[in-house]
Each structure stands twice: as structure tokens, then as C-alpha cells.
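We will go from charged pairs to a sheet and its helices.

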Amino acid sequence: MAIVRHNKKARNKPLRSKQAGSTPVQMVEVEIHDLSYEAQGVSRSLEKVLFVADALPGETVKVSIDNPGRRFDQGKLLEIISPSDERIEPLCPHYKRCGACQLQHLQLNKQLSYKQNTLDQQLTRQLKLNDIPWQPALESDGFGYRRRARLGVRYRKQQDEIIIGFREHNNRHLAAIDECPVLTASLSALISPMRELINKLESKPRITQLDLITADNSDAAVLRYLKILTKNDIKALKIFAQKHQIQLHVQGDEEQGLECLWPENPEPLNFKMQGDVLEFTVKNFIQGNGNMNRKMVEMAIDWIQPKDTETLLDLFAGIGNFSLPMARHFKQVMAVEGEKTMVKQIELNAQLNTISNITSRAMNLNDEILLTMLPSA
């Protein structure tokens, strides 16, 4: 499955040039032939390759070339003269500014084709693999699926206000958002209330990041700050967390560490996988798409066709996302993970689910010498 390329020679039609200060800006009409691995439209109509964000293969577009380079040019989309049949209206109201998503203007099934094609190209070029036997891509809902996200928090002194959001396209500025349809509904609904809360804090210039996490048993938020929060702010944060029934953690520097403000004795966050319960902390890595995660584990078990006489080696095992469900089908599982805290979490999850055939080990999997210590069978 691969995205369709339009390789016919496009017309090169210079429109006009204008002066933007002292820098000349060329305006051209070109056709888009492909998508880059960064999801930008690629035109080969001119002498140099031209990259155009938000353009799709098969489209004729008007572009301003305001960032010329030695090997390629970067253009800004001004007008879509002839749109692609695969183009759709982005659902998110922040899409044009927010840099978190790049392909909402492309039909979902075509997005999957593009991503698989991009991976195929990278494997072919970097590893010299050919004729990769691609299987049909696993599919999930295009919105409301993401159960973890990190958003930036910035204080704008001149306006005396807080903005929360992801970085804009091609710069370090934050795109202020009040919702994110890609996140689970409960996390998206927290963005505006969190902004209003932080805006009222005495320490609001010190807040830098907001992590939002959905688990099966609770939602959680982590606020990261630069300096110690005031007592009034801590009180306000606790009241907010209790009102919205979320776990609220704060994290400062190494001395301050990570602290859960509410509830006082929080239950470990968890999600279910193949009948087991996997606990995790707000600092642990988990797959962002819970539904897709379950499908991946099911597919892995189906592909491997495990036998109860065999041993499985699970590298980059995380908190045991694959190791635990696989242990139900194998004689033994060795889970290897680089982060010691997650190795500890594997052990705790094995105990929680009364699984005794998992051996976990902390190891730097980028160390070639250490890799020779792994069992060969």
C-alpha cells in the first residue's frame, strides 16, 4: 500500500516577484508531485526541489518562495488552484497554526498509506531492504484516541496571560489552544480549565509544561515549574484536582522532584491488557493510542504463534506492555529495558498479575558489547 505519486511534468509558471523589506519574494504556480517524510508537499517543477507545507500530491498551487536554499527551496502555500480529490477540511480549529498535526487535510486512509510509504522509503534507503512484505495497516479512530500529551505553558508578560498549546509550524512559538480533538475527550476538556487555573496562580510565570495522561482508572496532570510554588497556589491546585477528580502532580528541579498534590495517597495509574492490569507512573512511557496498543499486542501474538516450550526475548520492554501478555503463552520471558524505574515496574506488574515466568533486566541496548550477553535462544 503506497500513496499515489503524480510524476507528470508540471508547468513552471512564474507569476510575479515582490519586495518584502530588502528580500525578494518569488511567487510561482507549481504542481505537487509527492509528500516528504515531514508531510510537506514536494514539487519538482522548478530547477530546485520545492517543499510546500499543507499541499498534497496532484494539486496545482500558488506559492511564495520566501526561504530559498542552496539545494532546495521552502515555499509558503498562498492558494490551491486545483485541489486534490483526497483533500478534506481539517476538523481541528487550531490546525493551521498548531504544529502537532501535519496531515488533517488528507483523508485518514490516505494518511495511513503515506506513513507506510514513508517508512518503506526509509528502510529501503537506510538499511537497503527491498520488497518488504507489508501487511495491511492496523487502523484506529483518527480523533479522540491519544491518551498522553505534553503541552507547553508560556506566560505572556505584556498581556499578563497564560497560553497553553503545542509549538507552531516551523518555529518555537506556542499555538494557543483551548481543545485538542486528537486527545481523549476527558483530556481535551481539561485544557481550558487548566489555563484558567494557571492564569490565577501567583507563580504563573514559573509554570513551563503540562502533561496530560488518561488511564483506565483516572486522568492525571503533571505541572512542571522553575521555582517553588507558593502555598496559595498549592492550595488552589489541590482544590482544582479534587473538583475535576484527577491526579495532580507537580515537578520542579532535582531537589524538588515529583510530588502528587491530590489525592494524598493516589492509586497507581493502570490500563488493562489481555486480561492483565498494567500499572504505571506519570514518568513511565506508555503507547499513546490505547486501542492501537491492544491491537498491536494481539497481532504480535498472532504473528509469533508462541509455544509453551519456548523463551521470548522482549527488548525495550517498557513497563511490560508486551512481556506480560506474552508470558501467558511462553515458557519464559526475558524483558530487557534501559530505564531502571521501568524494570522495577515490570517486576511489580508481574507480581500484581501473579506471573512468575518473567525475568527482567536493566541494560543499555545501544551498547554492542552488552548485547553479546543476551541469550541467543
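Select Asp34 and Arg44. They form a salt bridge, with the closest N and O atoms 3.9 Å apart. This is a predicted model. Asp34 sits in strand β3 (residues 34-35) and Arg44 in the loop between β4 and β5, so the pair ties together parts that are 10 residues apart in sequence. Asp34 is buried, at 7% relative accessible area. Arg44 is partly exposed, at 39%.

Next, pick Glu59 and Arg87. Their side chains meet in a salt bridge at 2.6 Å, N to O. Glu59 is in the loop between β5 and β6, and Arg87 in the loop between β7 and α1, so parts 28 residues apart in sequence are tied together. Glu59 is buried, with a relative accessible area of 0%; Arg87 is partly exposed, at 23%.

Now go to Asp211 and Arg150. The closest N and O atoms of this salt bridge are 2.9 Å apart. Asp211 lies in strand β11 and Arg150 in strand β8, 61 residues apart. The whole structure has 11 salt bridges.

Switch to cartoon view. Seven strands form an open sheet in the order β10-β9-β8-β11-β12-β13-β14, with mixed pairing. β10 (174-176) and β14 (258-262) are the edges; each has a single partner strand, so one side of each lacks a neighbour in the sheet.

Zoom in on β13 and β14. They run antiparallel, joined by 4 bridges. Val250 stands opposite Glu259 in β14. Finish on helix α4 (residues 231-244), which packs on the sheet and touches β12, β13 and β14.

Methods:
Residues numbered from 1 in each chain as written. Predicted model: local features only at pLDDT ≥ 70, side-chain atom pairs only at ≥ 80, totals over all residues. Heavy atoms only, no water. Pairing = 2+ DSSP bridges. Helix = DSSP H or I, 4+ residues; strand = E, 2+ residues; numbered from the N terminus. Contact = heavy atoms within 4.5 Å. Axes fitted to C-alpha atoms, helices over the stretch in contact; angles between N-to-C directions. Salt bridge = Lys/Arg side-chain N within 4 Å of Asp/Glu carboxyl O. Buried < 20%, exposed > 50% of the residue type's maximum accessible area, 1.4 Å probe, protein only.
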